[in-house]
Amino acid sequence: GVEKVGMFPWAGQAEVVRAGQKDELYSAQLAGMVLESAESLLGPRAARRWEDWLKGAGEAAYHGITTLRGAQTLGEEYCDIQQVEAGSEIVPSGGTRTALVLWKTLCPLLFSVMQGRLIRAVCRAPEGGGRSSLSDSTRAFLQEFVSEVRGIGETAKRLHLAIFYIRGTYDS
């Protein structure tokens, strides 16, 4: 059961998950629109070079115009839920909302950028022989490592969702 706080019941797990799914959908759509706009303004080559940053800007815009202002996201509105401070009915403070938006947008963006740089560095490194070259075994290890790192972000999201289902709380 969902406990009641004041006049309104706490959101159940299903509502929180559904709201998160809707927010991911709308955030990705806005990020895609930002990328498309950049392609038409800058050309496809320049837009692809800045793709991670442009998508990050779209996601930051979505969460900025909703969460940062203290308004419901489209997912929260769809599920008729509202963000509140833990154990209260108070809308999170500006600092808490800012931290949430930065965590949700900046961390994945920086992870993606660092991952891309690592991939390019491994691919560009000269093969054995010179002082700054990679041995075959080092190159093979780094390529394997990079391919494993690609799945870490998605695995972390899935683990977070599993913990939510077990504990019943969702910490974005």
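Predicted model: local features only at pLDDT ≥ 70, side-chain atom pairs only at ≥ 80, totals over all residues.
**Aromatic rings**

I started by searching the whole structure for aromatic pairs, and I got 1. The partners are F141 and F145, with ring centres 6.2 Å apart and planes at 20°, so I wrote the pair down as stacked. The cut-off I needed for that is planes under 30 degrees apart.

Where do F141 and F145 sit in the structure? They're both in helix 6, which covers residues 136-149. They are 4 residues apart there, which means about one helical turn separates them.

**Helix 3 against helix 5**

Next I looked up how these two helices pack. Their axes are 10 Å apart, and the angle between helix 3 and helix 5 is about 170°. Parallel or antiparallel? Helix 3 and helix 5 come out roughly antiparallel, therefore that's what went in the notebook. The label applies to angles over 145 degrees.

Then I listed who touches whom. From helix 3 I noted D52, W53, G56, E59, A60, H63, G64, T67 and L68. On the helix 5 side they meet R97, T98, L100, V101, K104, T105, L109, L110, S112 and V113. Sorted by class, this contact has 8 nonpolar, 7 polar and 4 charged residues.

**The second largest pocket**

I moved on to the second largest pocket, which holds about 310 Å³ of space. Which residues line it? I found R48, R49, W50, E51, D52, W53, S112, V113, G116, R117, R120 and R124. Helix 2 (44-49), helix 3 (51-68) and helix 5 (94-124) are the elements that each give two or more residues to this lining. Helix 5 gives the most, with 6 residues.

By class, I got 7 charged, 3 nonpolar and 2 polar residues in the pocket lining.

**The cavity**

How many cavities of 30 Å³ or more does the structure hold? There is 1. About 40 Å³ of space lies in the largest cavity.

Its lining is made by T67, G70, A71, E76, Q82, Q83, V91, P92 and R97. I sorted these as well and got 4 polar, 3 nonpolar and 2 charged residues.

Note on methods: Residues numbered from 1 in each chain as written. Heavy atoms only, no water. 1 Å grid on protein atoms, 1.4 Å probe; cavity = no way out; pocket = protein on both sides within 12 Å on 5 of 7 lines; lining within 4 Å. Points joined across faces, edges and corners; volume = space filled by probe spheres on them. Nonpolar A, V, L, I, M, F, W, Y, C, P; charged D, E, K, R; others polar. Axes fitted to C-alpha atoms, helices over the stretch in contact; angles between N-to-C directions. Parallel < 35°, antiparallel > 145°, perpendicular 65-115°, else oblique. Contact = heavy atoms within 4.5 Å. Phe/Tyr/Trp six-rings, centres within 6.5 Å; stacked < 30°, edge-to-face > 60°.
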